[in-house]
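The sequence and structure are shown first.

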Amino acid sequence: MTERSVRVRVPATSANLGPGFDALGLACTLYNEMTLTLTREPGLLIAARGEGAAYIPGDERNIVWKSIRYLLDKAGRAEEFRGAQIRMSNRIPLSRGLGSSATAIVAGLTAANALIGSPFDRHALLQFATDIEGHPDNVAPAIYGGFTVNTVTDGTVECFSFLPRIFLRFVVMVPDFYLSTKSAREVLPAEVPMKDAVFNISHAAMLVAALSRGSEKHLCNAFADALHQNYRAPLIPGMFDVFAAANKAGACGAALSGAGPCLIAFVPEKRNCTEDVAHAMREAFRSHEIEARPLQLRLDTKGARVLHRRNANVKS
């Protein structure tokens, strides 16, 4: 028989982008790669290296494997492929707000889909990924790349992916502590004042408009938020001071990346000040006794990709 393998690459993502809580996201140039071999015999081999490898389950609890099984079940192929070999090379930090779990889900879905002949298009993969993750703000840019606007209506997800007319660099500060999405969700109120909802609607709309039209002037106040960052600030010492330091050093805005604790600054490329922004953010964190390392990234425009396919003859 012939054994087939596929290697995929999936970008890190940042969600919310300030006012776009659970609705806006972007993909950036930091990647996890995974090689998947499906087997007809039961048995699971999972090997991980790189970021967070020691904390990744090596059994049926693994989210990559769960996503693979989900897709095979949707395709009616679950009984045909009962085992797998999964090899992961991870560069995206875990539990930091850069979409590591979304990356794992998208990697599993993309690889399994490719191995069985790609019966599902990207929109179907987005629906599956949202069903697994619970919300589309990270999985959508991981699949489509670029900036994404995402909605869910009666359980059906839609995504609009676009490239901005402003060339941006991203400075992401990775603090030396973890923050689970669950913990970051628990501090949010069940209800918010009407004025805060209106504030975020207007700022999220302005953010998308400014990016689409290339208006740096309108972008600079668009990252403000009233729905989640104020409530999460106590979990990330010095967060607003880091934002202020980034803006003073030349960024046009800064935000909590996903549920945190990473913070992301948005720097127009023409300002040529990413090093200054990174230094200012690091020093602001240090003033609160937090060490953080900077990542200087760009926008990923392609999303999840199949890098390589291989067929090999094995003994039956």
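In which helix is His203 found? His203 belongs to helix H6, which spans residues 194-213. The model under discussion is predicted.

## Surroundings of His203

His203 has a relative accessibility of 17% and therefore counts as buried, the limit for that class being under 20%. A polar atom of its side chain lies 2.8 Å from the backbone oxygen of Phe199.

When residues up to four places away in sequence are not counted, His203 touches Pro19, Asn221, Ala222 and Ala224.

## Aromatic pairs

Across the whole structure, a search finds 9 aromatic pairs. One of them is edge-to-face: the ring centres of Tyr70 and Phe128 are 5.7 Å apart, and their planes stand at 65 degrees, where over 60 is required for this class. The pair links distant parts of the chain, with Tyr70 in helix H1 (residues 63-75) and Phe128 in helix H3 (residues 122-133), 58 residues apart. Tyr70 is partly exposed, at a relative accessible area of 25%, whereas Phe128 is buried, at 9%.

Phe223 and Phe266 provide a stacked pair, because their planes are at 15 degrees, with ring centres 4.3 Å apart. Phe223 is located in the loop between helix H7 (216-219) and helix H8 (229-232), and Phe266 in strand E9 (residues 263-268), so this pair ties together parts that are 43 residues apart in sequence. Both residues are buried. Together with Phe147, Phe160, Phe162 and Phe170, they form one aromatic cluster.

In soluble globular proteins, nonpolar side chains tend to be buried together. Here the largest nonpolar core contains 41 residues, and those with the most contacts inside it are Met34, Leu36, Leu38, Ile68, Leu71 and Ile86. Elements giving two or more residues to this core include strand E1 (2-15), strand E2 (24-39), strand E4 (83-90) and helix H4 (139-144). Helix H2 gives the most, with 10 residues. Leaving aside neighbours within four places in sequence, Ile68 is in contact with Leu36, Leu38, Ile86, Gly108 and Ala112.

Definitions and conventions. Residues are numbered from 1 along each chain as its sequence is written. This is a predicted model: local features need pLDDT of at least 70, side-chain atom pairs count only at pLDDT 80 or more; totals for chains, interfaces and linings use all residues. Side-chain values use heavy atoms; hydrogens and water are left out. Rings of Phe, Tyr and Trp (its six-membered ring) pair if their centres lie within 6.5 Å; planes under 30 degrees apart count as stacked, over 60 as edge-to-face and the rest as tilted. Helices (H or I, at least four residues) and strands (E, at least two) are DSSP runs, numbered from the N terminus. Buried means under 20% relative accessible area, exposed over 50%, partly exposed in between (1.4 Å probe, protein chains only). A polar contact is a pair of N or O atoms within 3.5 Å; within protein, one must be able to donate a hydrogen and the other to accept it, and residues adjacent in sequence count only if both atoms are side-chain atoms. Contact means heavy atoms within 4.5 Å. A nonpolar core is a set of buried Ala, Val, Leu, Ile, Met, Phe, Trp, Tyr and Cys residues joined through side-chain atoms within 4.5 Å.
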